[in-house]
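Subject: Structure handover

Hello,

Here is the structure you will be working with. Please open it first, then read the notes below.

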Amino acid sequence: MLVTKRSLRPIAAAATVALVAAACGGDGGSAADGAAADDVGAAPAHCGDIQPEDLDGAGVSIFGAPTSVEADAFNAVIEDCFNGPFNANGVYEGSDSFETQVLVRIEGGNAPDIAMYPQPGSIIELAERGTAIALEDLGFDTAELEATFGEYLLSLGEFEGKHYGLPTNVSLKSLIWYNKPVFEANGYEIPETWDELLALSQQIVDDGSAEAPFCIGTGSDAATGWPATDWLEDVMLRTAGPDTYDQWVSHEIPFDDPAVVDAANTFAEIAFNPDFVVGRTSDIPGVDFRDAAHGMFSPSIEEPACVLHRQASFITSFFPEETEVGTDVDVFPFPAVDPDQPTAALIAGELAAVLNDTPAVRAFLSTLISEGVQCTLGGYEGVQRISPNVNTSGDCYTDDVVARSADTIVEALKAGGARFDASDLMPSIVGTGSFWTAMNEWMRGADIEQVLADVEASWPSS
């Protein structure tokens, strides 16, 4: 989502300038439209009903994975809706190597006040070690938090009856992007089932409308492999269903359960079909995920290398600068595989873990999760955040794809089929370790049952 366990490359400076200048959500205003940001006790109207207090310049350090436009937007809102009104000094820092660097900082005694984790499983590990501070111990009311976020999202950070992760945003992963001019020129229809997706892929091959139907790249520096885990999880959720998916995540069934093997073999119908993927399957781990989508536009929009690309909504940040979503490219939900399973949505996001308890930290978190601030974050141009606050509406989002994604998530939540990224929920040694590695080895030719068995063997015993 937001980009999780994923690194972002800096984009053109012009985009950042446009971001800062863009209108915010809510009433469409910016800091200049309300009270000045440095007037303690006042806040711009679009920040909503926040309760400012004088924190006497207290600092709050926030560390997370998003960089570039996402980080710029976050810091702009912090300045606008927290630092000025509260006379505080909150600063967000993003890192391409968040997963590694946050551990280094914690173990080195230099932990940030708040760490925004894309992996809820990592928060549980912090709680087990006594490093994270429970939301209840920070003064939050569990019933109020459940009313704000829903029971499922809040439960992702639960350990021994207390909650250690505060949802800060969600994103939809279950999306397939497509080259719209090629679709329209050939009369292709949006597939609603897996079989229809396979049939469309074969039609693209038969028509010769691209080098291959799909571009897939799973390269991501130290996190190489995560896009392949997303593919597998999307299929697993739609073949085995949410209950079996939950059992897999919690290790109530082994990692290499037949249901997982079946999901992998279903994914292989695309990934291992030499006609369906640009290049060779063994090359997929070497193709940077940020570059893979460019095949939909290159060598030209009329004659691209591929027509389809599965990736979360944040991938628009890496489209060519001149790309027009809705004209050059559009998107449809990942199709159903088993019609007997509920409407599904693979989601990601972040949970904030508190590592240092101060009055400023408490005030910051209360402000961050408020409806007005969440809506303001959703209104920044180029930002793909979806608010976990159920009281926000589609009107908060300037991006049509983000607004549609928010609707898809709500539909799946109501159907009981929305689930968080499995690898982000698993123990980190698995979810951001052996699982990623297994997908890379599989793509390069290893036996799927063997690599899944290797992941099973890596699962911590306690």
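Two rings of Phe, Tyr or Trp (for Trp, the six-membered ring) count as a pair if their centres lie within 6.5 Å; planes under 30 degrees apart are called stacked, over 60 edge-to-face, and the rest tilted. Trp194, Phe214, Trp231, Phe267, Phe272, Phe334 and Trp442 form one aromatic cluster.

Some background on the source. This is a predicted model, in which local features need pLDDT of at least 70 and side-chain atom pairs count only at pLDDT 80 or more, while totals for chains, interfaces and linings use all residues. Residues are numbered from 1 along each chain as its sequence is written, and side-chain values use heavy atoms, with hydrogens and water left out.

Aromatic pairs

The whole structure holds 26 aromatic pairs. One of them is Phe82 with Phe364: the ring centres are 5.2 Å apart and the planes stand at 80 degrees, so this pair is edge-to-face. Phe82 sits in helix H2 (residues 68-86) and Phe364 in helix H13 (residues 359-368), so to speak 282 residues apart, and the pair links distant parts of the chain. Helices (H or I, at least four residues) and strands (E, at least two) are DSSP runs, numbered from the N terminus.

Are these two residues buried or exposed? Buried means under 20% relative accessible area, exposed over 50%, and partly exposed in between (1.4 Å probe, protein chains only). Phe82 has 1% and is buried; Phe364 has 3% and is buried too.

Negative patch

Glu189, Glu192, Asp195, Glu196, Asp262 and Glu269 form a negative surface patch. A patch is made of residues with over 30% relative accessible area and no salt bridge, where like charges are joined within 9 Å and nonpolar side chains (Val, Leu, Ile, Met, Phe, Trp, Tyr) within 5 Å. A salt bridge is a side-chain nitrogen of Lys or Arg within 4 Å of a carboxyl oxygen of Asp or Glu. Helix H8 (194-207) and helix H11 (258-271) each supply at least two residues of the patch. Asp262 belongs to helix H11 and is partly exposed, at 41% relative accessible area.

Backbone

Ser298 and Pro299 are joined by a cis peptide bond, with omega about 5 degrees. Pro299 is in the loop between helix H12 (289-292) and strand S9 (306-310).

Asp221 is not a glycine, yet has a positive phi of about 55 degrees. With 54% relative accessibility, Asp221 counts as exposed.

Regards

How values were computed
Accessible areas come from the Shrake-Rupley method with a 1.4 Å probe; for residues, only the protein chains shown count as cover. Lys and Arg count as positive and Asp and Glu as negative; His and the chain ends are not counted. The place of a charge is taken as NZ of Lys, CZ of Arg, CG of Asp or CD of Glu.
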